[in-house]
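The tour moves from one selection to the next.

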Amino acid sequence: MKFFIDTGNLSQIQEAHDLGILDGVTTNPSLMAKEGIKGEEAITNHYKAICDIVDGDVSAEVLSTDFNSIIEEGKKLAAIHPNIVVKVPMIKDGVKAIKWFTDNGIKTNCTLVFSAGQAILAAKAGAKYVSPFVGRIDDSGWDGMELIGQISHIYQLQGFTTQILAASIRSALHIVKAAELGANVCTCPLESILGLLKHPLTDIGLAKFLEDAKKL
Ligand code: E4P
């Protein structure tokens with residue numbers, strides 16, 4: 001399973017990259033706004049800065065919602081760097097645009113996916129990635145991980161090549177479950193990635209080893 005970091009924060013991206021386990025980055029308009037990035041030039045420069053840190057797919061989300069504008073915006077985003085993946089929302093014009101991008105050699109990530117039916121449409125349109133939002137499904141009182149398992153099962157059965165990108169990750173346990181259920185990629189906040197490091201028995205064991213090492 002690949003590890004993407006879900007942020008627009010350059011120092012967090014650098015920290016995850018320095019760990020040596022980072023395969024890519026996802027962003028969204030909320031994450032970009034959080035970094036105070038405003039205007040087309042600033043957005044473009046920020047994506048360039050991300051691509052300079054990470055040698056892997058970087059999802060850049062379109063802000064448009066109608067077919068023609070999604071295509072124009074997506075073409076500009078894709079021209080920023082070969083690693084840019086155009087992130088397109090799961091709406092009717094979005095599906096149409098994903099098909100257009102696929103036919104024209106532009107990689108896409110279909111975002112805001114909350115059902116298996118939507119995941120089938122994304123795969124049919126040729127998206128490179130489909131992003132089911134696990135945490136937001138959990139927040140609404142359902143089991144987000146069930147959807148990862150269901151999509152994984154359907155894609156395998158049908159031979160779809162779209163990669164399942166588990167998104168809206170809230171914890172280290174989410175990452176482990178996504179791996180167990182066959183997600184191809186997990187995009188996570190830095191905190192959840194670092195959460196994988198933690199185990200109390202590791203801390204206790206290390207403290208004991210360091211204590212005994214003094215006797216050597
Ligand atoms: C996915 O690509 C989104 O950027 C992200 O995972 C959404 O996560 P959230 O539900 O924590 O906002």
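Helices here are DSSP runs of H or I, at least four residues long, numbered from the N terminus. The model is predicted.

**Stop 1: D93.** Select D93, which is found in helix α5. D93 and D66 are 27 residues apart along the chain, yet their C-alpha atoms are separated by 5.7 Å. Which residues does D93 touch, leaving aside its neighbours within four places in sequence? Show T65, D66, F67 and I70; D93 is in contact with these.

**Stop 2: α4 against α5.** Colour helix α4, residues 67-80, together with α5. Their axes come within 9 Å and cross at roughly 45 degrees. That angle makes α4 oblique to α5. The crossing is right-handed. For the contact, select F67, I70, I71 and G74 on α4, then D93, G94, K96, A97, W100 and F101 on α5. By class, these residues are 6 nonpolar, 2 polar and 2 charged.

**Stop 3: α5 against α6.** Keep α5, which spans residues 92-103, and bring in α6. At what angle do α5 and α6 pack? The angle is about 30 degrees, with the axes 8 Å apart. α5 and α6 are therefore roughly parallel to each other; the cut-off for that label is under 35 degrees. From α5, pick V95, I98, K99 and T102. From α6, pick L121, A122 and A125. The contact divides into 5 nonpolar residues, 1 polar and 1 charged.

**Stop 4: α6 against α8.** Show α6 as residues 116-125 and helix α8 as residues 144-158. The two axes come within 10 Å and cross at roughly 40 degrees. So α6 is oblique to α8. Look along the pair: α6 passes α8 in a right-handed crossing. On the α6 side, select A116, A119, I120 and A123. They meet L147, Q150, I151, I154 and Y155 in α8. How many charged residues does this contact hold? There are no charged residues, against 8 nonpolar and 1 polar.

**Stop 5: E146.** Stay on α8 and select E146, which has its place in this helix. E146 is partly exposed, because 13 other C-beta atoms lie within 10 Å. Draw a distance to V54. E146 and V54 are 92 residues apart along the chain, and their C-alpha atoms are separated by 31 Å.

**Stop 6: the ligand.** Centre on the ligand. Which residues surround the ligand? Select D6, T26, N28, T111, S131, F133, G135, R136, A167, S168 and T187. Colour this shell by class: the count is 2 nonpolar, 7 polar and 2 charged.

**Stop 7: H199.** Finish in a loop. H199 lies between α10, residues 190-195, and α11, residues 200-213. H199 is exposed, because it has 9 other C-beta atoms within 10 Å, and the exposed class takes 12 or fewer. Now draw a line from H199 to I106. These two are 93 residues apart in sequence and 42 Å apart in space, C-alpha to C-alpha.

Note on methods: Residues are numbered from 1 along each chain as its sequence is written. This is a predicted model: local features need pLDDT of at least 70, side-chain atom pairs count only at pLDDT 80 or more; totals for chains, interfaces and linings use all residues. Axes are lines fitted to C-alpha atoms, for helices over the stretch in contact, and angles run from 0 to 180 degrees between N-to-C directions. Helices (H or I, at least four residues) and strands (E, at least two) are DSSP runs, numbered from the N terminus. Angles under 35 degrees count as roughly parallel, over 145 as roughly antiparallel, 65 to 115 as roughly perpendicular and the rest as oblique. A crossing is left-handed if the near helix is turned anticlockwise from the far one by less than a right angle, and right-handed if clockwise. Two residues are in contact if their C-beta atoms, placed from the backbone, lie within 7 Å. Ala, Val, Leu, Ile, Met, Phe, Trp, Tyr, Cys and Pro count as nonpolar, Asp, Glu, Lys and Arg as charged, and the others, Gly among them, as polar. A residue is near a molecule or strand if its C-beta atom, placed from the backbone, lies within 6 Å of it. A residue is buried if 20 or more other C-beta atoms lie within 10 Å of its own, exposed if 12 or fewer, and partly exposed in between; C-beta atoms are placed from the backbone.
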